[in-house]
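Me: I've got a model open here and would like to check what its labels rest on. Can you take me through it?

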Amino acid sequence: MTGVKLAVIGGSGIYDIEGLEGASWQTVETPWGAPSDAILTGRLAGLDVCFLPRHGRGHPLPPTEVPYRANIAALKQLGVTHVLSVSAVGSFREEMAPGDFVVVDQFIDRTVNRAKTFFEAGLVAHVSVAHPVCADLAARAGAAARSAGVTVHDGGTYLAMEGPQFSTLAESRMYRESWGADVIGMTNMPEAKLAREAELHYASVAMVTDYDSWHPDHGEVDVNDIRRVLAANGAHARATVAALAADLAGAAPGACATGCATALDHALLTRPEARDPALVAKLSGIAGRVLGNG
Ligand SMILES: CSC[C@H]1O[C@H](OP(=O)(O)O)[C@H](O)[C@@H]1O
Ligand SMILES: Nc1ncnc2[nH]cnc12
């Protein structure tokens, strides 16, 4: 297949992927600084694949300090078209049990301390994130996880919190009972929004590690419990990525129904004569398709 390049952003507990042919760690710089770490590139099941450990190898970066813009910009610079996030989450639903994967289809963004857009003063853009994940990539990711033997839930609302502390009991109950969230994590926002601005296909597989703090039989969240579930899930995550790569290599996805690759078509609001030339140049790697400087 031509043109498809898959990136995997590995969350907590996933700092590497195995089996890449010709694997090498590449250092990448972007106009928004360095990404979380070097990026592993190679081929998997016949597909060009990149891997970026979101928190860096050894997990030095807390969720607030992850350089989300640099991460997405670096992947775009490497020619990535499709991004799969693999993340640890707490569950608000009895049936979404530790060990299960939830293929997220909606987000509630409660993060407050992160740069959330590539488009600043001098070039304003408003993309739609009504449908924040690529429906086609999400369906493929769900099928890949099922083929790896995982219990998969198709669809779910991911509440992105700032962290790094876990939620209070009152917050946990509110997110679950009043807000209708299904899972909670600290990283998929603004990542998904930035991926949309960069016209990348983005999907998120949320690996349930705990029941947050609402569940009467499970007590509080404990990082040690999370670590244990993550260790058990590592093989499932790797098998999911391998199956997804094989699927993408075997069937050329056309334009997706979500419109990820054309998100900027009608998004730029600043008139050409009012644009900041320096920002226009800075954005060439993200928005060159519509700015004409890509
Ligand atoms: C290890 S528990 C909290 C931590 O794990 C998740 O990270 P990621 O989404 O990168 O897997 C969660 O969002 C928190 O950052
Ligand atoms: N309960 C939880 N809250 C926020 N992020 C998480 N990551 C894993 N479990 C979590």
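Me: Which residues does Leu6 touch, not counting residues up to four places away in sequence?

Reply: Leu6 touches Leu47, Val49, His82, Leu84, Leu244, Ala245 and Leu248. Contact here means that the C-beta atoms of two residues, placed from the backbone, lie within 7 Å. Keep in mind that this is a predicted model, where local features need pLDDT of at least 70, side-chain atom pairs count only at pLDDT 80 or more, and totals for chains, interfaces and linings use all residues. Residues are numbered from 1 along each chain as its sequence is written, while chains are lettered from A and ligands numbered from 1 in the order in which they are written.

Me: Why is Leu6 called buried?

Reply: Leu6 has 25 other C-beta atoms within 10 Å, and the label buried takes 20 or more within 10 Å, with exposed at 12 or fewer and partly exposed in between. So Leu6 counts as buried.

Me: Where does Leu6 lie?

Reply: In strand 1, residues 5-10; a strand is a DSSP run of E, at least two residues, and a helix is one of H or I, at least four, both numbered from the N terminus.

Me: What makes up the shell around ligand 2, by class?

Reply: 8 nonpolar, 3 polar and 2 charged residues. Nonpolar covers Ala, Val, Leu, Ile, Met, Phe, Trp, Tyr, Cys and Pro, charged covers Asp, Glu, Lys and Arg, and the others, Gly among them, are polar. Strand 5 gives the largest share, 3 residues.
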